[in-house]
Amino acid sequence: MGTEASASAVDLLRSQIPFQTDGELVLPPRGVGLVLVDLCNGFCTVGAGNLAPVAPNKQIEKMVGEAARLSKLFCDRKWPIFAFLDTHYPDKPEPPYPPHCIIGTGEENFVPDLEWLEKEPNVTIKRKSCIDGYISCIEKDGSSIFADWVLKYQIKTVLVLGICTDICVLDFASSTLAARNIDRVPPLQDVVIYSEGCATYDLPVEVATNVKGALAHPQDLMHHIGLYMAKGRGAKVRGSHASICANEL
């Protein structure tokens, strides 16, 4: 499918399952935490692994840029950041995906533009071994690293950025919203997904048909579906650039 045909398909989808964003991203002066989902080499750095882009990708580059920009803003203000990094052991596969982000390969580490976060005192890093970051935070005794973080910093709004919009970002948002609804993450009220700070991978149908067992995954279309599904779960979807004001998100 050519570029023009792909764009037409995305336009058709958007006309059939449209949604309105919840306006521009406006950050309140308190009670907000930034959640970064898998800004690691294995998903974002060209040629870094089985699930990394094979060539420069504008959507992913924009996501990394926005993640770096907002991370700097949060660190300058000493606001809390929770960063997930997809990290796997070689003997524990994650079907249906090929081996990725294996410990020791470097794929599991921050992209170069975000490596500096490792030294920031307001950043909590969680290496996750499953798609759903919320689930990955649940300990054997039933406690939750993420819920503890929300409580410690009295977070009422989590702002979510990362990859993939329709997979790890969507799963984290959905589980967090379900947990909020049964009072498992007090005092959390809102999950906000920043559309300009999210991305997904691109596997066009003409490529997928030549890969045994692969599912087509056109990037723009699946990005839209991911945001649509998250909004259907109760997330707020914000677009445009972030600013600071005293209003609620």
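Are phenylalanine 82 and phenylalanine 146 buried or exposed? Both are buried, where buried means under 20% relative accessible area, exposed over 50% and partly exposed in between, with a 1.4 Å probe and protein chains only.

Quick housekeeping. This is a predicted model, where local features need pLDDT of at least 70 and side-chain atom pairs count only at pLDDT 80 or more, while totals for chains, interfaces and linings use all residues. Residues are numbered from 1 along each chain as its sequence is written, and side-chain values use heavy atoms, with hydrogens and water left out.

Back to those two rings. They make an edge-to-face pair, 5.6 Å centre to centre with 90 degrees between the planes. For the cut-offs: rings of Phe, Tyr and Trp (its six-membered ring) pair if their centres lie within 6.5 Å, and planes under 30 degrees apart are stacked, over 60 edge-to-face, the rest tilted. Phenylalanine 82 sits in strand S3 (residues 81–86) and phenylalanine 146 in helix H5 (residues 145–152), so the pair ties together parts 64 residues apart in sequence. Helices (H or I, at least four residues) and strands (E, at least two) are DSSP runs, numbered from the N terminus. Searching the whole structure gives 10 aromatic pairs, and ring pairs link Phe82, Phe84, Tyr134, Phe146, Trp149, Tyr153 and Phe172 into a cluster.

Now, S3 itself. Six of its six residues are buried. Ile81, Ala83 and Leu85 point one way, with Phe82, Phe84 and Asp86 pointing the other. Valine 35 stands opposite our phenylalanine 82, and lysine 128 in S4 is the bridge partner of aspartate 86.

Last stop, the helices. H6 (residues 168–181) and H8 (residues 219–233) pack at about 5 degrees, axes 9 Å apart. Axes are lines fitted to C-alpha atoms, for helices over the stretch in contact, and angles run from 0 to 180 degrees between N-to-C directions. That's why they count as roughly parallel: under 35 degrees is roughly parallel, over 145 roughly antiparallel, 65 to 115 roughly perpendicular, and the rest oblique. On the H6 side you'll find Leu170, Ser174 and Leu177, meeting Gly226, Met229, Ala230 and Arg233 of H8, with contact meaning heavy atoms within 4.5 Å.

Conventions: Two strands pair if DSSP finds at least two bridges between them.
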